[in-house]
Amino acid sequence: MNKELQINKEDVIKNIRYLNLLAEQYPTINSASTEIINLKAILNLPKGTEHFITDVHGENEALKHILKNASGVIKRKLDDIFGETLRESDKRSLATLIYYPEQKLDIILEQEENVDDWYRITLYRLIELCRTVSLKYTRSKVRKALPKEFSYIIEELLHEHQNKEDKDAYYKEIIKTIIDIDKARDFIIALSNLIQRLVIDRLHIIGDIFDRGPGADIILDTLEKYHSVDIQWGNHDILWMGAASGSRACVANVLRISAKYANLGTLEDGYGINLLPLATFAIEYYKDDPCERFIPTFECSREYSKKEAVLISKMHKAISVIQFKLEGEIIERRKEFKMEDRLILNNINFSNGKLELEGEEYELIDSFFPTIDKDNPYRLTIEEEELINKLTHSFINSEKLNRHIRFLFAKGSMYLKFNCNLLYHGCIPLDEEGDFKSVEIDGGVYRGKDLLDKFDTLAREGYFNKDDNERKSYGMDIMWYLWIGQNSPLFGKNKMTTFERYFLKDKKTHKEEKNYYYKYRDEEFLCDNIAAEFGIKGENYHIINGHVPVEGIKGESPIKANGKLLVIDGGFSKSYQEKTGIAGYTLIYNSFGLLLVSHEPFESTEKAIKEETDILSSRVILETAKLRQRVRDTDIGVELNEQISDLNMLLYAYKNGLIKEKSK
């Protein structure tokens, strides 16, 4: 029986206003019927491939390479298609061409003696690969991905296998003409970019784009252009979001971390933040201070002279002291944060250079504080006030930074439910018993999903609310709390011991206790509770997060709770690679199942192009689907079925005279 015959007339009448609007798009029985046929066909296509990456921390070259090679998917496709018919060196060269077509073409064309012959062979190979990776999509979807300049020609070539004998000369002439009119180079670039586009259907970035590495701004430029991406905010992301909102404490933290990792280029060159006022201030107040505890960690690619390193050290200390003062202001005005134990400056004995902490006294490694008033240690000096206001003004008015932050708000959130997977960066705060922890915030008590939803709303208020200064101020303080607070899902620890690490030698004072989530995250009951809390049904769900690097070098596995929870922070950031033993994980979820891919360190884009070196990757098959998953098994499938239901109601309305067909 046709579905439209099973439709309840009362339901149609109840939705008649909506159906009249739908009739504008599908004005006839034939147009509505055609769309139903199209949507039902799409439901039976294989699901698109999803790509999960986390904690990239400014490592733009490594991330861009992994996006270009799709975590090794393109190389595996070349192996599948060309098998033993191509030498490994030829497949390696072809892969590099696909990843970096413009740069690689320059090198190849200088070396090739018979350029036209190379063009012809390469075009046929790229078309064959492009045809294979496009098979799981509708022609309409592939058409939308095609570069406008060559869309018609590429579409013709992709369907060469149909009526091949009749059109063999036709296709050969297309290839010959492309070469003859000197368009082969542009065509190869277009095909390479299309292949990169088609091998990944959706990209998930599970937090921490910013800090440590040199290219967070470059990463966000790349993601802005990516065809389909979502972002789950990390604690480092929310810090920059707070800084762009105007939170002075977030600004100070961003500057401190940038100085710590000698990554001032992202601020100055990437976002146009003027650091001269900070440098001038630091030279004046810390001129004779060696600032030994503030010597930066040189992780970024730029080379610094000894003189520059000394200046950065002074800037590092100057902004750190300002940060501690600003954080004290927030703690004092937001009693509900319950962070009074972090008011450490109150406990310094400036006469003997010691600090009282949790009932014990410790000697300060560095007791030179020229801007701290011992009677009112959290008060900014006039010069500090002017400095932080200037710096904050630069953040608020950086056009590029705010474009990137608006992108993070538009494409990002505290968590995401997608295709029976729950994605979040850090944790779900738990109490000692493993239950969702109740947290007092904004005059209410929240836990579990409600807590994350509340934080999401408040963060957006902190950035976008221009009419209510009190709500904006509270939202900005919440963004700082999400960076550092003990009940922050993005931080997941009881405190951030920044002051202790700089000024106290005893490492027991540096310890930060993790939330109970990390105690229970290997237990299936917790994962089941979290899945139920977030409305994820069925047994084949996964929780996917990052934040805490998996110490694979010590035998730790990223697979928790019998595969229900996957922690895919494998150390994109160079500072973590000694702990992890690798240079990052990515997760691939295609129609056949789940694959976890671990990566070796990426040396450089230049070496990848010239020497055709790829990131060495190892795959672990986590799950294999019993039946190949189709679009109907995904969230998009649910949406398409709803559209089909609506169209069936429209057909019923047409056939029963409730809505008249529009004239053609």
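Predicted model: local features only at pLDDT ≥ 70, side-chain atom pairs only at ≥ 80, totals over all residues.
Colleague: How far apart do the C-alpha centres of domain 1 and domain 2 lie?

Modeller: The domain assignment places domain 1 at 7-44 + 631-654, domain 2 at 64-197 and domain 3 at 214-501. For domain 1 and domain 2, the separation of the C-alpha centres is 38 Å.

Colleague: Is helix H6 roughly parallel or oblique to helix H7?

Modeller: Helix H6 covers residues 88-99 and helix H7 covers residues 101-111, and their axes are 6 Å apart. The packing angle is about 130 degrees. Roughly antiparallel would require an angle over 145, and roughly perpendicular spans 65 to 115. H6 is therefore classed, relative to H7, as oblique.

Colleague: How do the residues of the contact of H6 with H7 divide into nonpolar, polar and charged?

Modeller: H6 contributes Ser93, Thr96, Leu97, Ile98 and Tyr99. From H7 come Pro101, Lys104, Leu105 and Ile108. By class, the contact holds 6 nonpolar, 2 polar and 1 charged.

Colleague: Why does lysine 662 count as partly exposed?

Modeller: Lysine 662 belongs to the segment after helix H28 (635-655). Buried means under 20% relative accessible area, and exposed means over 50%. Lysine 662 counts as partly exposed because its relative accessibility is 31%.

Colleague: Which residues does lysine 662 touch, not counting residues up to four places away in sequence?

Modeller: Threonine 498, 164 residues apart from lysine 662 along the chain, has its C-alpha atom 68 Å from that of lysine 662. With residues up to four places away in sequence left out, lysine 662 touches Ala23, Glu24, Pro27 and Thr28.

Methods. Residues numbered from 1 in each chain as written. Heavy atoms only, no water. Domains from an automatic or database assignment. Helix = DSSP H or I, 4+ residues; strand = E, 2+ residues; numbered from the N terminus. Buried < 20%, exposed > 50% of the residue type's maximum accessible area, 1.4 Å probe, protein only. Contact = heavy atoms within 4.5 Å. Axes fitted to C-alpha atoms, helices over the stretch in contact; angles between N-to-C directions. Parallel < 35°, antiparallel > 145°, perpendicular 65-115°, else oblique. Nonpolar A, V, L, I, M, F, W, Y, C, P; charged D, E, K, R; others polar.
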